[in-house]
Amino acid sequence: MSDRGHLKKTNLAATAPASITTAGPMTGLADGPRGAKPRRMLSTRTVIVYGTLFVAAAYYLLPLYVMIVTSLKGMPEIRLGNIFAPPLEVTFEPWVKAWSSACTGLNCDGLSRGFWNSVLITVPSTVVSIAIASVNGYALSNWRFKGADAFFTILVVGAFIPYQVMIYPIVIILREIGLYGSLYGLIIVHTIFGMPILTLLFRNYFAGLPEELFKAARVDGAGFWGIYFKIMVPMSLPIFVVAMILQVTGIWNDFLMGVVFTRPEYYPMTVQLNNIVNSVQGVKEYNVNMAATILTGAVPLLVYFVSGRLFVRGIAAGAVKG
Amino acid sequence: MTSVSVKDLRLSFGQVTVLDQLNLDIQEGEFLVLLGSSGCGKSTLLNCIAGLLDITDGQIFINGRNVTWDEPKDRGIGMVFQSYALYPQMTVEKNLSFGLKVAKLPQAEIDKRVKRAAEILQIGPLLKRKPSELSGGQRQRVAIGRALVRDVDVFLFDEPLSNLDAKLRSELRVEIKRLHQSLKNTMIYVTHDQIEALTLADRIAIMKGGVIQQLADPNTIYNAPKNMFVAGFIGSPSMNFLKGEIAAAVDGKPVFVAEGVTFSLDGYRTGEPLLPGRRVVLGVRPEHVKVDEPGVAAAERHEAVVDIEEPMGADNLLWLKNAGHTMAVRTAGSRRFSPGTKVRLSFDMSLASLFDAATEERI
């Protein structure tokens, strides 16, 4: 450091005759640092920050690594017990088996059946719940109808009641209307359970949009649905993505509802996975189990990767405006 | 002919009454400014006229038609908002034509009206842009355009210039005035800025606590304020208020007496007799105080000391101390006074205001 300062000083001295006459007010000030402040690469601070980040990342990535590595090994190699070692001989056999031929009870068609069940459950539940909740949120935030506050309070309370409390009553209700054990019953349950939190989400987002936009649209003559479809929805892409992610991951990962409200032929992927992994007879096929688990988790992961950027933006936009 | 008429308007939210027994008649082609500080009910009143708030009681007429129960779109109004309220996902052109499309006008008519509005407001080159690509002034122009294309009789402005910086504000102010002069529509304009009110208005309604304090042309509002609130609200710096009482001078003419000062009320014009002993407040605007004026009788002069001098270019603002009172005085910018200077003041009583100390109403 002192070396550099010294160098500069001599430099200045060399050009002194020209500059001294013009830089009158500068005389008397000691020459010192100039320009951008130098950054040190290896300070205590950076070591601690990056060290902590690295440890945290490793903590979360290691299990994933073990799963992937194990799923690519054959059973003989797994029995050697080196769970961290990369596979000597890469095989996709466990993945194929997990997808199409692993047995759960009497069915031996793997996870594929559960995958399609989950798709049939998740897509309509997500679409219907978001459609209804967004209109709810819009009505609650922009059209102050009579009893709006009471309705909203009830809805919010609903968001905090544990699912377990409601399972038995819902079983009875579904039985009485003849939907118990069917896919439709489960779709209805998911739609209803998603409603409080989604309505809250949409209401707060819409409340954060400038009220004057809504007023301007009313002066322009747009009605309830006109304002919703032409003004509100186009402005709310981020919150729709957030709601989509919440619903897709929530419904896809659901186990409890799936196992309670459906019959074995309609079991969603998570229940199917549990049945494969927890099957008591025969050899524990760790590689198949690992592959099956990754396959089941793939859909929410994919949703995160594709829309993660929008997810963050949606949450942040809500935070700033709220 | 009356363009907008508000009769016995009352608006309550639950137990809270925001506007009560409010009456207001606006002539055709008039530029009326609703002026007041925030929370005085001026924007609320405008929203009631627009139909964006459901009123509790009373009636609203626009162009002789009772529109009390009508939707905003059916009232024949166009509205401009403070935050511009442009639809962010639409281009300027779509923003302008949205209301017309909703009203299912033929495309040729829509194009004609958009083109005309764009010409009047000089936003033709911006038609294909999104609002996010416009400056604040351009956005507000588009917002005015959106009211313009509706081809309505009454324009409502809700603090349209408050979000703009000072330079743009004065530019657009002139443009709004020009627009009014060429269109001759009725305009109701809400603002808290007294300069906007004084420069734009044919008449100003000053509001406080949901009540119209005074409704008059800018000149009357400025020179003959009806009460102390109006007097203090309009003018910058505020009118000087001196508390005192009326006394009878030796010659029997009324004088104003306050702590250490006595002013003759000879030139003050009023219909009421100025009875001695009445507690009053004398109000004098800073520019109506003369400093070291030659040819003023010694009895009419009062000594004061310059406390602070604020040169403002064209004017020079002096803060004076006079027997316990502080007083603002405006002099020509060319006259300079250093702090501590003793000056002699004289008032032009014909331009002063006298208020009753108890009711705060003008005498």
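Helices are DSSP runs of H or I with at least four residues, numbered from the N terminus. The structure shown is a predicted model.

**View 1. Two cavities in the whole structure.** A search of the whole structure returns two cavities of 30 Å³ or more.

**View 2. Lining of the largest cavity, with residues from chains A and B.** Chain A contributes A:Ala216, A:Val219 and A:Asp220. From chain B come B:Gly78, B:Met79, B:Phe81, B:Arg146, B:Ala147 and B:Arg150. Three elements each supply at least two lining residues: α10 (211–219) of chain A, and β6 (77–80) and α4 (136–148) of chain B. By class, the lining holds five nonpolar, one polar and three charged residues.

**View 3. Lining of the second largest cavity, with residues from chain A.** The lining residues are A:Ser118, A:Ile121, A:Thr122, A:Leu186, A:His190, A:Ile251, A:Trp252, A:Asp254 and A:Pro268. Helices α6 (112–142), α9 (183–208) and α12 (237–253) of chain A each give two or more of them.

**View 4. Helix α6(A) at the second largest cavity.** α6(A) provides the largest share of this lining, three residues. The lining as a whole divides into five nonpolar, three polar and one charged. Among its members are A:Ile251, A:Trp252 and A:Pro268, which count as nonpolar because Ile, Trp and Pro belong to that class. A:Asp254 also lines this cavity, and Asp counts as charged.

Note on methods
Residues numbered from 1 in each chain as written. Chains lettered and ligands numbered in written order. Predicted model: local features only at pLDDT ≥ 70, side-chain atom pairs only at ≥ 80, totals over all residues. Heavy atoms only, no water. 1 Å grid on protein atoms, 1.4 Å probe; cavity = no way out; pocket = protein on both sides within 12 Å on 5 of 7 lines; lining within 4 Å. Points joined across faces, edges and corners; volume = space filled by probe spheres on them.
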